[in-house]
Amino acid sequence: MNRWLTVFLFVITLTSCQEFDFKKQSAEEILEKELKSINWNEVDFYPTFNSCGSVTSKEESKTCFENKIKTSIENKLIKEKVITTNQSQDTIIIALHISAEGETQINGLKIPDQVLERNPDLKDWLTEVINELPKIHPAQKRSVPVSLQTQLPIILK
């Protein structure tokens, strides 16, 4: 009886090993699975300037990046004495492209017609500010430099 019980348990053990079907994955399969899990529409860190120092979070890098650009634009517009409309606030929207090499380019400007009529050189001033920005370290995704498209609203007072 013990002999049959031992044989029975041995047969069950052998057949249950099929449940542990270990598949060997190739490097390509692992890479493909990992690439599908990454959200390519978001960056881990926004572009930064040397003056930002060491940033440790996405929010910190975004804040420093936007503040540096907005401050540069505000200083230029104050210097050029931009004339706004009678409204309390006019908003300019600047569409920027920062390449993976850190090169900055204006992709578009949305300027209210009234502001543009009173400041015909405004587009040139904004282009000049963007071209004179200090060296930009590109955005990063998984520690790899990537390009970034962003829009910055500039409120004129």
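1. Accessible areas here come from the Shrake-Rupley method with a 1.4 Å probe, and for residues only the protein chains shown count as cover. On that basis the protein chain exposes about 11400 Å², with carbon and sulfur atoms supplying 52% of it.

2. Please keep in mind that this is a predicted model, where local features need pLDDT of at least 70, side-chain atom pairs count only at pLDDT 80 or more, and totals for chains, interfaces and linings use all residues. Residues are numbered from 1 along each chain as its sequence is written, and side-chain values use heavy atoms, leaving out hydrogens and water.

3. The protein chain has 5 helices and 7 strands (DSSP runs numbered from the N terminus: helices are H or I with at least four residues, strands are E with at least two). Along the sequence their pattern is α-α-β-α-β-β-α-α-β-β-β-β.

4. Of the 157 residues, 30% count as buried (buried is under 20% relative accessible area, exposed over 50%, partly exposed in between, with a 1.4 Å probe and protein chains only).

5. Which rings pair up? The structure holds 1 aromatic pair. The ring centres of Phe49 and Phe65 are 6.1 Å apart and their planes lie at 15°, so the pair is stacked (the rings of Phe, Tyr and Trp, the last by its six-membered ring, pair with centres within 6.5 Å; planes under 30 degrees apart are stacked, over 60 edge-to-face, the rest tilted). This pair links distant parts of the chain, 16 residues apart: Phe49 is in strand β1 (residues 48–49) and Phe65 in helix α3 (residues 58–79). Both Phe49 and Phe65 are buried.

6. Trp4 sits in helix α1 (residues 2–16) and is exposed, at 66% relative accessible area.
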